[in-house]
Amino acid sequence: MENITDFHFNLSVYVNIGFYRYPAFALGSLLFAIIVCANLLITLVISRERTLHEPMYVFVAFLSVNSLYGSAGFFPRFLMDLLSDTHLISRPACFTQMYIIYTYASYEMTILSIMAYDRYVAVCDPLHYHSKMTPKTVSVLAAFAWICPTISVLLCLYLTVRLSLCGSKVQKLYCANWNVVKLSCETTFINNVVGFLVTIITIFFPLLYVLYTYFRIILVCRRSSSDFKRKVFQSCFPHTILFVNYSVHVFCDIALSRLDIENLNPLFALILSLEYVMIPPILNPLIYGLKLQEIRKNIFKLFCKVSLKIP
């Protein structure tokens, strides 16, 4: 069959909402602006303050940078589609968006995993924390967090790009790998196997590792004082909230990609598609900016300095 998707895919989940597209555009633009400002603020505060040049805060800055990266790959196109009557996206733009969103998702999981390792060392082996979490170790962990997901995503995209496609209808608000693979005219066995292995490596292995680290932390806390438990709770609670929240969003997105959206409630499918790329970028700076005392204190200090300079 002739390949009809050489030029454009059709993002079919978008529906004509008439006048409501303008309030939706305004709300989306406001959310995008909040995400950019909040994550830039966290990154700026951590980079400026030497007291925050500790592994835990460096990893928080990584999360904020990744949120900016993922939001930049989704929101501009999403906002444009809200105002458009047609929702066609070129093949190069589709695969570019796919690369950004999938690497963003993988980076988020690997960063949260190395943050779990940092908390594990801090709680379970505090006497050797500074000898283990050296700048060199942080650099190696950061390289792992960025490089491994990049290779995995590029492999999946390579296998998808080489497919001959017999359709153009992508049942999602953005380009997603499995939705494009389902348009293939040929067998997708290799894509399925590689996709399954990449999902295990980038999602399930980090999930199991984080669960293991928190199991060990809980065992240590059971034998410790109430004051120690309180400090551990304050330190680990933001990470726990973010990790559980993000894991739920990832599993919902994986399930949504495997289901036929036409058989689902349109509003339900829309919410599941949006939460994956909208909630974590706004939740990360709010949780860490409000819960971690050092970051919160330095944010207030920065605002005080700015307000004093304003005549």
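## The polar contact of Asn66

In this predicted model, the side chain of Asn66 makes a polar contact with the side chain of Glu108, at 2.9 Å. A polar contact is a pair of N or O atoms within 3.5 Å; within protein, one atom must be able to donate a hydrogen and the other to accept it, and residues adjacent in sequence count only if both atoms are side-chain atoms. The place of Asn66 is in helix 2; helices here are DSSP runs (H or I, at least four residues), as strands are (E, at least two), numbered from the N terminus. Asn66 is buried, at 0% relative accessibility. Buried stands for under 20% relative accessible area, exposed for over 50% and partly exposed for the range in between, with a 1.4 Å probe and protein chains only. Setting aside neighbours within four places in sequence, Asn66 is in contact (heavy atoms within 4.5 Å) with Tyr104, Tyr107, Glu108, Ile111 and Trp146.

Residues are numbered from 1 along each chain as its sequence is written. The model is predicted, so that local features need pLDDT of at least 70 and side-chain atom pairs count only at pLDDT 80 or more, while totals for chains, interfaces and linings use all residues; side-chain values use heavy atoms, with hydrogens and water left out.

Trp146, one of the residues in contact with Asn66, lies in helix 5. Trp146 is partly exposed, at a relative accessible area of 25%. Not counting residues up to four places away in sequence, Trp146 touches Phe62, Asn66, Tyr107 and Ile111. The C-alpha atoms of Trp146 and Pro281 are 135 residues apart along the chain and separated by 17 Å.

Trp146 also belongs to the contact between helix 3 and helix 5. The axes of helix 3 (residues 91-124) and helix 5 come within 8 Å and cross at roughly 150 degrees; axes are lines fitted to C-alpha atoms, for helices over the stretch in contact, and angles run from 0 to 180 degrees between N-to-C directions. Helix 3 passes helix 5 in a right-handed crossing. A crossing is right-handed if the near helix is turned clockwise from the far one by less than a right angle, and left-handed if anticlockwise. On the helix 3 side the contact includes Tyr107, Thr110, Ile111 and Ile114, and on the helix 5 side Ala145, Trp146, Pro149 and Val153 are among the residues met. By class, the residues of this contact divide into 17 nonpolar, five polar and one charged. Ala, Val, Leu, Ile, Met, Phe, Trp, Tyr, Cys and Pro count as nonpolar, Asp, Glu, Lys and Arg as charged, and the others, Gly among them, as polar.

## Leu112 in helix 3

Leu112 is placed in helix 3 and is buried, with a relative accessible area of 1%. Leaving out residues up to four places away in sequence, Leu112 touches Leu63, Val210, His239, Leu242, Phe243 and Tyr246. Between Leu112 and Val60, 52 residues apart in sequence, the C-alpha to C-alpha distance is 9.0 Å.

## Helix 5 against helix 7

Helix 5 (residues 135-161) and helix 7 (residues 189-222) have axes that come within 10 Å and cross at roughly 165 degrees. The two helices are therefore roughly antiparallel to each other; angles over 145 degrees count as roughly antiparallel, under 35 as roughly parallel, 65 to 115 as roughly perpendicular and the rest as oblique. The crossing of helix 5 past helix 7 is left-handed. Ser152, Leu155, Cys156, Leu159 and Thr160 of helix 5 meet Ile190, Asn191, Val194, Gly195, Val198 and Thr202 of helix 7. This contact has six nonpolar, five polar and no charged residues.

## Helix 1 and helix 2

Helix 1 (residues 21-48) packs against helix 2 at an angle of about 160 degrees, with the axes 9 Å apart. Helix 1 is thus roughly antiparallel to helix 2. Their crossing is left-handed, and the contact has 22 nonpolar, seven polar and one charged residues.

In the following contacts, neighbours within four places in sequence are left aside. Thr43, in helix 1, is buried at 19% relative accessibility and is in contact with Ala61, Ser64 and Val65. Phe32, also in helix 1, is in contact with Ser71, Ala72, Phe75, Pro76 and Leu79. Leu82 lies in helix 2 (residues 55-83), is buried with a relative accessible area of 13%, and is in contact with Arg21, Ala24 and Phe25.
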